[in-house]
Amino acid sequence: MKATVTVMLKQGVLDPQGEAVKSALGAMGFAGVEGVRQGKVIELDLAPGTTEAQVTEMCEKLLANTVIESYRVEMA
Amino acid sequence: MKAAVLVFPGSNCDRDLAVAFRAAGFDTAMVWHKETELPAGLDVIGVPGGFSYGDYLRCGAIAAQSPIMRAVAGFAGRGGHVLGICNGFQVLCETRLLPGVLMRNAGLKFVCRMQGLRVATTDSPFTSAYQPGQEIDVPIAHHDGNYQIDAEGLAQLRDEDRIAFSYVGNPNGSVGDIAGVLSANRRVLGLMPHPERVVDAAHGGTDGAPLFASLAAAFVAA
């Protein structure tokens with residue numbers, strides 16, 4: 001089984017990398033990009049029986065810094 | 001007086017920090033991150049600069065989970081003194097021994113230069129040998145030194161006089177020009193600049209030496 005964890009900066013937290021990507025897209029001539037937020041995706045290969053609650057604990061303790069980041073867990 | 005300097009894979013200021021502790025009179029041991037116990041009779045722990053674990057995931061995040069950091073948290077919880085410099089500051093924020101986070105520099109560039117700092121408080125065992133408001137020159141070298149904390153946390157740091165150093169001319173976007181912060185008990189200091197790189201005239205400056213002298217005086221007095 002797999003879990004996909006998406007970690008993003010919380011709304012309101014300045015994302016200088018996203019801003020730089022947005023500005024580069026504008027410079028390349030792509031009009032209409034009104035905002036860019038950059039995050040990360042972490043894929044976990046899990047032993048059978050691993051619970052979503054355990055993955056959530058992994059997020060809280062390591063995968064995200066909840067001071068500035070939010071996370072979403074998808075089990076598949 | 002006994003100091004320990006932690007060594008993680010990717011630490012690169014560990015020996016410099018040990019030299020600075022020794023110059024201030026500390027008997028200094030190097031402690032590998034996989035150790036689970038600290039040397040006995042320790043007065044202060046230094047968490048050095050560098051790029052622990054290649055800055056993977058987030059700067060300091062994986063080092064913060066090292067076995068030795070559990071011992072460091074216990075040491076700090078018992079009132080022990082801890083000094084985190086640069087990557088060490090990031091590690092201390094990730095372990096929540098200090099509040100706030102260090103984000104990518106606002107200008108996105110790695111900044112490496114001599115930087116003016118203001119000593120924002122002399123009421124700490126790390127800054128007592130400076131003059132209040134003194135301006136000093138200390139090197140910075142970081143990509144992720146943009147200190148951020150929420151408004152409530154910032155107000156608390158200010159009310160409790162826990163901002164140790166502030167930048168003279170903000171190099172990285174840090175809120176309130178903050179370069180270094182103290183824990184609530186004032187015995188844990190994290191800062192992005194590198195005082196250990198200016199402790200000898202041959203370094204081109206000695207403005208970091210009073211930090212180590214302050215610590216030494218704290219333990220002589222105790």
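This is a predicted model: local features need pLDDT of at least 70, side-chain atom pairs count only at pLDDT 80 or more; totals for chains, interfaces and linings use all residues.
## Strands side by side in chain B

Strand β1 covers residues 2–7 of chain B, and strand β2 covers residues 27–32 of chain B. The two run parallel, with six bridges joining them. To spot one of these pairings, look for V7(B): its bridge partner in β2(B) is W32(B).

How does the chain get from β1(B) to β2(B)? It passes through helix α1, residues 14–23 of chain B, and this β-α-β crossover is right-handed.

β1(B) has another partner too: strand β3, residues 44–47 of chain B. This pairing is also parallel, over three bridges. Here V5(B) stands opposite G46(B) in β3(B).

## The nonpolar cores

Now for the largest nonpolar core, which has 73 residues. Among the residues with the most contacts inside this core are V5(B) and L6(B), along with F21(B), V82(B), L92(B), A164(B) and F212(B). Which helix gives the most to this core? That's helix α2, residues 67–77 of chain B, with six residues.

Take a closer look at F212(B). Leaving out residues up to four places away in sequence, F212(B) touches A20(B), F21(B), A23(B), A24(B) and V199(B).

Key:
Residues are numbered from 1 along each chain as its sequence is written. Chains are lettered from A and ligands numbered from 1 in the order in which they are written. A residue is buried if 20 or more other C-beta atoms lie within 10 Å of its own, exposed if 12 or fewer, and partly exposed in between; C-beta atoms are placed from the backbone. Helices (H or I, at least four residues) and strands (E, at least two) are DSSP runs, numbered from the N terminus. Two strands pair if DSSP finds at least two bridges between them. A crossover is right-handed if, with the strands pointing away from the viewer, the path from the first strand over the helix to the second runs clockwise. A nonpolar core is a set of buried Ala, Val, Leu, Ile, Met, Phe, Trp, Tyr and Cys residues joined through C-beta atoms within 7 Å. Two residues are in contact if their C-beta atoms, placed from the backbone, lie within 7 Å.
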